[in-house]
Amino acid sequence: MLLKDVLILDSSMDAAQACDLIVSGTTVDSILPPRSADMPEEIDGKGSIAVLPGFVNAHGHAAMTLLRGLGEEAPLMEWLQKRIWPVEARLRPEHVFWGTQLALLEMLSGGITCFADMYFFMDQAAEAARLAGIRCALSRGLVGSDEKKLEEGVDLVRRYHDPSGLIRVQLGPHAIYTVPPEAFSEISKTAKDLGVGIQTHWLETEWESGFIRHELKKDPVSLLAEVGLFDVPFAVLAHGVWFPEDRIHELAGSRMSVVHNPKSNLKLGSGIAPVPRFLEEGVRVALGTDGAASNNRLDIWDEMRTCSLIHKGSHRDPCTVRASEVLRMATVEGARALGFTDVGLIRPGWQADLVLVDLDRPHYVGLTAENLCTALVYSGSSADVAGTLVAGKWLYRDGDHKTLETGTILRKARDCRKELLED
Ligand code: NI
């Protein structure tokens, strides 16, 4: 498949590059000078289509699309305990199936090609992802010290984990305030034995930091080692808002990534994660939306823009958290965080997970190969996405979903929402 005369950009490049991009099967085959490839084209970009690596939404709860708008403007613990958990207790497998597909409509149309998901009835999420053809890292959210739930998580690994395919499965201890340390250690040990990653929430709120120090009587950084997170193949720590700044260096060089969810943290009033310090210390940082109930969009463009702006404003430093760093967080760092090693850059032999961006828009007048990255982060939006490919296959193109039935999903999702809220 030839993508003719397009501008490619990934986070390893200083400037965009005009080229003919050839995709063969599931991977990028070659990058040739523009208008030099001798084969029929799939598209002719005429220099005004950008091709980027697909975005990775490295932390979220996809089926929470069905809970969007519940308990708006409430503090996190009140929001969880009074508005979210009671509705989640009523979730049935079909709700998760349709709620996840609803999330996928939104994510694919915004150029997300890989997503992390921690939720319940994850076989339904896996089926939804398989139908869509999207790449993902799934985990069954684990709370308490219930062996049966861990067994469900392990069972999901056995049934769906495919190291050479699109679907990876990880273990998902929800957080240290919902999973006791001993049970958390057991989960980490199981992940290590299975050779899979971990997704968890860590230091999202000031309350959680106090809980660890005063209820558990632990240090929140030493506790990472105590519950085995340094020993698993890789781990995602969602949020890290309250990570003590003088201890950040202890994460550098580890196989843990912090997933920054700037909009969820802002909306829930949790604070602003010390992202400039994470980056300075060489800690891996990826980007995520978190669930639609606390964002409320599943839009990585929005996260990129918010991330690039809040740290500049709060540090009064226009040079911090640069657009190129944000693009890296939204692509290759997200892929690494979830354990994908050939995803997130445009390179021959790497997965052809690509997003096409229409540059023939008013807000892109004046862009050059040199400023494309800043133009995308500061001026661009998910509305500019013209196409999304995962492993060389079109999943979204010119406003149409190729694998998902939009009308059916919207209808079913509305029905699910009604059922969940009925008394
Ligand atoms: Ni979350």
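Is tryptophan 98 buried or exposed? Tryptophan 98 is buried, at a relative accessible area of 16%; buried means under 20%, exposed over 50% and partly exposed in between, for a 1.4 Å probe and protein chains only.

## Basis

The model is predicted: local features need pLDDT of at least 70, side-chain atom pairs count only at pLDDT 80 or more, and totals for chains, interfaces and linings use all residues. Residues are numbered from 1 along each chain as its sequence is written, and side-chain values use heavy atoms, with hydrogens and water left out.

## Aromatic pairs

Rings of Phe, Tyr and Trp (its six-membered ring) pair if their centres lie within 6.5 Å; planes under 30 degrees apart are stacked, over 60 edge-to-face and the rest tilted. There are 7 aromatic pairs by this rule. One of them joins phenylalanine 97 to tryptophan 98, edge-to-face, with 5.0 Å between centres and 75 degrees between planes. Phenylalanine 97 is buried, with 16% relative accessibility.

Phenylalanine 243 and phenylalanine 278 are edge-to-face because their planes stand at 70 degrees, with centres 5.9 Å apart. Phenylalanine 243 is buried at 3% and phenylalanine 278 at 0%. Tyr177, Trp207 and Phe211 are linked into a cluster by ring pairs.

## Nickel site

His59 (NE2), His61 (NE2), His201 (NE2) and Asp290 (OD) coordinate the nickel ion at 2.1 to 2.3 Å. Donors are N, O and S atoms within 2.8 Å of the metal (3.2 Å for Na, K and Ca); water is not among the atoms, so sites may look incomplete. The donor spacing in sequence is H-x1-H-x139-H-x88-D. Histidine 59 is buried at 2% relative accessibility, and aspartate 290 is buried at 5%.
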